[in-house]
Amino acid sequence: MEYKKLYAKSSSNITYINQIISTHQQLEQYTEAESFILELMERVKYPAFLVELGYNYQLKNDLEKANENYQKAISTIDEKAGNVFAVARSFQNHSLLDEAIIAYEKAAALNPDFNFNIQLAQIYGEQGSIEKMFNSYLNLAESNPILIGDVKRAINDFVSEDSEHKNNILLRKTLLKKMQEEPNTLWNELLSWLFIQQKDFKKAFTQEKAIYKRQPESLLRIEEIALIALNENENETAREIFNYIIETAQDTETKLQAHQNLLKLDIKESSKSNYGAVKNKYLELLKTFGGQSETLELQISYAHFLAFYLNETKDATKFLEKSLKRPLSDIEKAKIKLELGDILVLQEQFNKALIYYTQIQRNLKNSTISQEARFKVAKASYYKGDFKWAESQLKILKSSTSQLIANDALDLKLLISDNKYEDSLQTALKYYAKADLLAFQNRNDEAITLLDKILGAHKTEPIIAQALYKQAQLFQLKGAIEKARVNYELIIENYRDGILIDDALFYLAEIYQKQLNLPEKAKALYEQIIFNHADSIYFVDARKRYRTLRGDAIN
């Protein structure tokens with residue numbers, strides 16, 4: 001046995017000792033294991049060996065001697081509370097969870113400085129004692145509030161989006177009881193977190209308001225709820241929260257950010273006939289807050305609205321050029337130039353746009369905004385069909401310090417490299433780039449039509465999956481759910497080995513779950529992601545939603 005050779009050289013190495021015992025036991029050599037353990041106990045006084053001896057008797061079905069040794073191991077904690085670490089860990093290693101709990105509780109009673117809430121919580125979770133687990137984690141958070149993030153992550157696997165799930169109800173009741181017994185903003189924060197998991201943003205907002213009234217330090221968490229609600233299309237709640245921020249905030253920056261988010265919401269909910277009213281709101285805000293650097297984000301947002309929604313590109317450009325003449329930092333100038341470049345791309349004046357993007361790269365080398373400008377250079381080159389130059393820029397960006405830019409760069413590079421050799425004229429790729437540009441220009445109907453042309457004329461080329469996916473995303477933006485569903489199903493049916501398979505599975509599952517109310521079909525798709533695409537960015541969400549739909553998975 002190799003471990004015996006290693007043990008001969010290092011007879012105190014607990015890893016070698018445990019492996020020798022385990023090997024004997026796996027070979028059902030219980031007598032040899034017992035002799036080895038007894039020999040160790042004569043040489044070394046280590047309380048965990050009592051657990052090992054007891055477990056060896058248990059494997060021999062001598063439960064009386066097994067329990068006798070387990071009790072001896074636990075009694076060593078009376079002699080020295082610190083023995084609990086070795087004893088309890090050994091119990092856990094053999095899934096003797098009740099004994100491990102007794103050991104931890106005994107040590108905690110003997111030494112109040114010991115805190116075993118996290119170990120107990122993990123054991124209770126393994127046992128399915130959810131209420132005890134929740135209490136242990138909450139006690140841990142109370143004794144050490146800095147660990148609240150760890151507590152949320154640990155509890156996350158046991159709650160779901162379903163507010164009526166038994167675990168959600170239990171956690172809610174436990175928190176409310178603690179709040180009544182001993183008010184603490186910690187319980188409000190955890191309740192808020194639970195309500196966010198359940199997508200009940202209005203209730204989360206109520207908890208965060210209670211925290212803010214007691215600790216009026218920052219509105220950041222309240223703003224985060226509003227943004228999540230906005231992203232989840234809970235527009236009414238998002239609007240209510242942004243208005244609260246405007247009424248409550250003491251600083252101009254926070255107020256302005258809330259106003260901007262309300263404007264985004266107005267644009268999202270408005271038809272073209274109502275854009276004039278949105279424009280007036282922008283002008284009122286600019287008049288109220290002024291046109292200095294403090295309102296730079298608002299100025300850029302206004303110019304973007306003029307160009308991309310009202311098609312007033314000349315006015316937008318003139319407005320930004322005026323802003324550019326004010327005393328600004330290099331970063332602030334770069335932000336304006338980035339938008340000016342985007343407006344030029346909107347007008348398909350690619351070479352002029354490249355000048356602005358290149359200026360940013362030159363003036364702010366290696367910064368995130370410089371990397372963003374490089375990506376826009378690549379995107380503009382791709383739009384105009386200069387795939388070789390676009391690819392050269394994207395290769396550099398694969399190692400960008402911004403993960404988002406690096407991911408976007410990799411996706412675009414793969415799109416180009418996978419399709420540029422299909423035909424010498426690169427017809428399909430040029431059509432796709434044009435459709436991508438139309439989508440950027442908010443000309444979604446034209447983009448969908450052009451993608452139809454690709455799907456009709458280039459059926460055997462790899463770009464078909466990409467065209468189906470892009471079109472499905474545009475259909476969803478328009479609310480054409482049935483058409484989006486068909487496209488995702490075509491990808492799943494015909495491009496199972498492609499890079500878009502997990503995207504298609506996830507978005508189709510969302511359609512079945514949220515729009516078509518077909519939970520069984522959604523569950524089957526989430527299951528495919530869990531078992532076949534463990535490296536997918538959707539894996540965690542898919543697993544959680546699968547468990548929610550299955551109903552009995554969170555225990």
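Helices (DSSP runs of H or I, at least four residues) are numbered from the N terminus, as are strands (E, at least two). Y244 lies in one of these helices, α15 (residues 235–248). This is a predicted model, in which local features need pLDDT of at least 70 and side-chain atom pairs count only at pLDDT 80 or more, while totals for chains, interfaces and linings use all residues. Residues are numbered from 1 along each chain as its sequence is written, and side-chain values use heavy atoms, with hydrogens and water left out.

Q: Why is Y244 called buried?
A: Buried means under 20% relative accessible area, whereas exposed means over 50% and partly exposed lies in between (1.4 Å probe, protein chains only). Y244 has 15% relative accessibility, and therefore counts as buried.

Q: Which residues does Y244 contact, leaving aside its neighbours within four places in sequence?
A: Contact means heavy atoms within 4.5 Å, and on that basis Y244 is in contact with F205, K209, Y212, L219 and I222.

Q: What makes α18 and α19 roughly antiparallel?
A: Axes are lines fitted to C-alpha atoms, for helices over the stretch in contact, and angles run from 0 to 180 degrees between N-to-C directions. Angles under 35 degrees count as roughly parallel, over 145 as roughly antiparallel, 65 to 115 as roughly perpendicular, and the rest as oblique. Helix α18 (residues 296–308) packs against helix α19 (residues 313–324) at about 160 degrees, with their axes 7 Å apart, and the two are therefore roughly antiparallel to each other.

Q: How is the angle between α20 and α21 described?
A: Helix α20 (residues 330–346) and helix α21 (residues 350–363) also pack at an angle of about 160 degrees, with axes 7 Å apart, which makes α20 roughly antiparallel to α21.

Q: Which classes of residue make up the contact of α20 with α21?
A: Ala, Val, Leu, Ile, Met, Phe, Trp, Tyr, Cys and Pro count as nonpolar, Asp, Glu, Lys and Arg as charged, and the others, Gly among them, as polar. Among the residues that meet are L338, G341 and V345 in α20 and F350, Y357 and I360 in α21. By class, this contact of α20 with α21 has 10 nonpolar, three polar and three charged residues.

Q: What is the largest nonpolar core, and which residues have the most contacts inside it?
A: A nonpolar core is a set of buried Ala, Val, Leu, Ile, Met, Phe, Trp, Tyr and Cys residues joined through side-chain atoms within 4.5 Å. The largest one has 99 residues, and those with the most contacts inside it include V345 and Y357.
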